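These are my notebook entries on one protein chain. I set down what I looked up, in the order in which I looked.

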Amino acid sequence: MSNNISFETGLKAFTINGDANRKIYFDPNDIGIIDRLEAAAMAIKAKADEMGTQESDTDRTTIRELDAYAREQVDAAFPSPVCDTVFGKAYCVSLTPSGSLQIISFLEAVSRQIRREMDVATAAAQKRQAKYLDKYNGGGQRRKKRRS
């Protein structure tokens, strides 16, 4: 029998574009993930701008370098690497029909999901806290007024 430590991590599974075979896991209530994702997006955009102004051996070399850099930045923001699951072998720096980098579109979608999850968690926490704090936040005063 091996030693084991089990605890609630908050990790949730998210499918990519509805494909049950493509799942990533992260804690949407990890308050640091937003900062890490924003830092990754800024670093990728800066690197793309920098590489766009440099002369390179070939455009494919530049794209490969940017793709590797972008994957590294995004994978570092999550508890475990996600880019292979999300993008497979395709370049994550390919353009979407709207002209954005695919990886930036992914980061924006993840950020929206995280914000929704955090809003739900905050509302649930406030509801739990309200039942304990109500007597200190006016609930007790209402009872006193009724007696008078």
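Entry 1, terms and model. I take two strands as paired if DSSP finds at least two bridges between them. Helices (H or I, at least four residues) and strands (E, at least two) are DSSP runs, numbered from the N terminus. The model is predicted: local features need pLDDT of at least 70, side-chain atom pairs count only at pLDDT 80 or more, and totals for chains, interfaces and linings use all residues. Residues are numbered from 1 along each chain as its sequence is written, and side-chain values use heavy atoms, with hydrogens and water left out.

Entry 2, the chain. I looked up the elements and found 5 helices and 2 strands. Their order from the N terminus is β-β-α-α-α-α-α. I then looked up burial (buried means under 20% relative accessible area, exposed over 50%, partly exposed in between, with a 1.4 Å probe and protein chains only). Of the 148 residues, 30% count as buried.

Strand 1 and strand 2 pair in the antiparallel sense over 5 bridges. I noted that Lys 12 has Phe 26 of strand 2 as its bridge partner. The hairpin has 2 residues between its strands, and Asn 17 takes a positive phi near 50° there.

An α-helix has 3.6 residues a turn, so residues three or four places apart point the same way.

Entry 5, salt bridges. I counted a salt bridge where a side-chain nitrogen of Lys or Arg is within 4 Å of a carboxyl oxygen of Asp or Glu. The whole structure holds 5 of them. Which residue does Lys 12 form a salt bridge with? The partner is Glu 117, and the closest N and O atoms are 2.7 Å apart. Lys 12 lies in strand 1 and Glu 117 in helix 4, so the pair ties together parts that are 105 residues apart in sequence. Lys 12 is partly exposed at 35% relative accessible area, whereas Glu 117 is buried at 16%.

Glu 38 and Arg 115 meet in a salt bridge of 3.4 Å, N to O. This pair links helix 1 (residues 31-53), which holds Glu 38, with helix 4, which holds Arg 115, 77 residues apart. Salt bridges that share partners also join Asp 67, Arg 71 and Asp 84 into one network. Asp 30 forms a salt bridge with Arg 36, with the closest N and O atoms 2.6 Å apart.

On a 1 Å grid over the protein atoms alone, a pocket is an open set of points where a 1.4 Å probe fits, with protein on both sides within 12 Å along at least five of seven lines; lining residues have an atom within 4 Å of a point. The largest pocket has about 350 Å³ of space. Its lining has 16 residues, and Ile 16, Asn 17, Val 86, Phe 106 and Ala 109 lie nearest the centre. Helix 4 gives the most to this lining, with 6 residues.

How values were computed. Points joined across faces, edges and corners; volume = space filled by probe spheres on them.
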